[in-house]
Amino acid sequence: MANSTVLKLACTVVLVCLLVTAPQADATVTCSQVTQLLNPCVNYLIYGGAIPSSCCAGVKQVKAASKTGEDRRTACSCIQDGAAMIPGIDYNLVASLPSQCGVSLPYKISPSTDCSRFIFCTLATLFCYLLIIEQSL
């Protein structure tokens with residue numbers, strides 16, 4: 001019985017490693033698209049106030065277009081790079097924008113976010129939960 005559990009655990013670890021290191025498809029989201037979609041948000045991110053509906057529409061379109069891990073990494077990096085070039089940007093407003101628009105992102109928008117690391121977080125979390133469930137059976 002113990003050998004069976006060890007074997008299942010080993011197989012799961014190998015599977016996770018294979019999935020995490022699998023090559024990603026090229027990104028279909030470009031920085032130009034992200035910039036264009038989020039441009040209506042700039043005044044809000046500097047001055048606050050009411051969020052324009054066109055801003056939330058852009059946030060939702062960026063989320064919808066970011067289907068692959070590479071897309072999400074590209075969008076994350078573009079948002080970070082773009083935000084860093086806007087004088088007076090309020091990073092608290094930036095971080096809260098997705099939730100204010102009813103969007104959930106797999107990463108926090110912050111200058112300290114490592115956009116290359118969040119791609120597989122959901123996958124790794126799923127396997128961690130599976131391991132916990134399997135061990136409790």
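Trainee: In which helix of the protein chain is confidence lowest?

Mentor: Start with the whole chain. Its mean pLDDT is 75, and 66% of its residues reach 70 or more. Confidence is highest in helix α3 (residues 42–47), at 96. At a mean of 42, confidence is lowest in helix α1.

Trainee: How many contacts beyond near neighbours in sequence does the model have for residues 6–25?

Mentor: Be careful with this stretch. Its pLDDT is below 50. Where pLDDT is low, the predicted coordinates should not be read in detail. For residues 6–25, the number of such contacts in the model is 18.

Trainee: Why do the buried residues of α6 lie on the same side?

Mentor: Helix α6 spans residues 91–100, and its buried residues are Leu-93, Val-94, Leu-97 and Pro-98. An α-helix has 3.6 residues a turn, so residues three or four places apart point the same way.

Trainee: Which exposed residues does the face of α6 turned away from its buried side carry?

Mentor: First take the buried side. Its cover includes α3 and α4 (53–65). Now turn to the face pointing away from that buried side. The exposed residues there are Asn-92, Ser-99 and Gln-100.

Note on methods. Residues are numbered from 1 along each chain as its sequence is written. This is a predicted model: local features need pLDDT of at least 70, side-chain atom pairs count only at pLDDT 80 or more; totals for chains, interfaces and linings use all residues. Side-chain values use heavy atoms; hydrogens and water are left out. pLDDT is the predictor's confidence in each residue, from 0 to 100. Helices (H or I, at least four residues) and strands (E, at least two) are DSSP runs, numbered from the N terminus. Contact means heavy atoms within 4.5 Å. Buried means under 20% relative accessible area, exposed over 50%, partly exposed in between (1.4 Å probe, protein chains only).
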